[in-house]
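Q: I am new to this structure. Please show me how to read it, one feature at a time.

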Amino acid sequence: MTNQIQLSQKQLDDFDHDGFVVVPSVLSDAVIEDARARFEKLFTGEFETGIQPDEWNWKTGQDDPTLTRQICNAWKSDRTIASIVLRSDIGAACAQVRHWPGARINQDNVIWKPTGSKALGFHQDDSYQTWIVPSQMMTCWITLDETRADQGTIEYVRGSHKWPVSQPIEKFHAPDDPLSDLQQAAKAAGADVDIVPIEVPGGSAVLHHGRTWHGSRANTGKAQRRSIVAHCMSSDAQFHNDNTSPVYSRYKLSDSQQMDESFFPVLWRNDGYRSSWIDNWLARS
Ligand SMILES: O=C(O)CCC(=O)C(=O)O
């Protein structure tokens, strides 16, 4: 059964304490199957809408098969992915836990970790948000497969959302030591490192704060792990005056700091607003 995300007081308290919280059963079995079927197509460059994603870090037949496969902003290429990452309840939950007036999509991620694929370094998402004001991200990570600690699941450092924001990490894809930047940050913060591997059924989500350290180690198990990630920002977010993102500042209008809803749609706002084009566009599929 698919649940619209409705956070209990216990989940809100857990999020505030830990910097992440698991939300079970956010996708139906049918949606899980549909989304799984998009992975081969996306990574071979078969895009339903005819539009390339903003970042396409791994291409079938071209790139190292031992790397974790990642695409950013697959929602522009594929309406099945869009129908998940542009959900209003995801925006509402992200806004609620961060006390924002609403939430826009900042970017999505499609992550594919086949058996034998290497790690993604532990990092904070907010380290990469200097191009927006406020420089804050809030994420809904959703797994399509049952996750296990030995199968490269996402792992969180409990309480690390209370540490300062660090610089972007040395090496994101396939670092020799995925924990090295994390260890330095923990030392600087004078904090212990309590790593929590997320072991949940397919269709589960985790909400995580933009400062929560997280990553995923190599998949040494027998099954692949596929995830779809909605990275949100405040509905009030604007472009930074000076700082740029090499990819996403392409969408800045020359005479304004405002974000155009065509590129950064509002998923949910507390006055009932949602970018009107989203649902019409999804209905065309
Ligand atoms: O799924 C993963 O391995 C990592 C995803 C991630 O870094 C994120 O959702 O911010």
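A: Start with Thr80. Thr80 has 20 C-beta neighbours inside 10 Å, so this residue counts as buried. The general rule: a residue is buried if 20 or more other C-beta atoms lie within 10 Å of its own, exposed if 12 or fewer, and partly exposed in between, with C-beta atoms placed from the backbone. Keep two points in mind. This is a predicted model, where local features need pLDDT of at least 70, side-chain atom pairs count only at pLDDT 80 or more, and totals for chains, interfaces and linings use all residues. Residues are numbered from 1 along each chain as its sequence is written.

Q: Where does Thr80 lie, and which residues does Thr80 touch, not counting those up to four places away in sequence?
A: Helices (H or I, at least four residues) and strands (E, at least two) are DSSP runs, numbered from the N terminus. Thr80 belongs to helix 3, residues 79–85. Two residues are in contact if their C-beta atoms, placed from the backbone, lie within 7 Å. Not counting residues up to four places away in sequence, Thr80 touches Asp34, Ala35 and Arg38.

Q: Is Asn243 buried or partly exposed, and why?
A: Asn243 counts as partly exposed because it has 13 C-beta neighbours inside 10 Å. Its place is the loop between strand 13 (238–239) and strand 14 (266–269). Leaving aside neighbours within four places in sequence, Asn243 is in contact with Thr130 and Trp131.

Q: How do I read the two faces of a strand?
A: In a regular strand the side chains alternate between the two faces of the sheet. Now take strand 7, residues 138–143: six of its six residues are buried. Met138, Cys140 and Ile142 are on one side, and Thr139, Trp141 and Thr143 on the other.

Q: Which strands pair with strand 7?
A: Two strands pair if DSSP finds at least two bridges between them. Strand 7 pairs with strand 10 (residues 205–209) in the antiparallel sense, over five bridges. With strand 12 (residues 225–234), the pairing is also antiparallel, over six bridges. Ile142 shows both links: its bridge partner is Ala205 in strand 10 and Ile228 in strand 12.

Q: What packs against the buried residues of helix 4?
A: First, the residues. In helix 4 (residues 88–98), Ile90, Gly91, Ala92, Ala93, Cys94 and Ala95 are buried. They pack against strand 4, strand 7, strand 10, strand 12 and strand 14. Just after helix 4, His99 takes a positive phi of about 55°.

Q: In what order do the strands of the open sheet run?
A: Four strands form this open sheet, in the order 5-11-8-9, with antiparallel pairing. Strand 5 (120–123) and strand 9 (195–197) stand at the edges with a single partner strand each, so one side of each has no neighbour in the sheet. Inside the sheet, strand 8 (residues 154–157) and strand 11 pair over three bridges. There, Ile154 has Ser216 of strand 11 as its bridge partner.

Q: Which residues surround the ligand?
A: A residue is near a molecule or strand if its C-beta atom, placed from the backbone, lies within 6 Å of it. The ligand is surrounded by Asn109, Ile111, Leu120, Asp125, Thr139, Trp141, Ile154, His214, Ser216, Ser227 and Val229. Strand 4 (102–113), strand 7, strand 11 (214–216) and strand 12 each give two or more residues to this shell.
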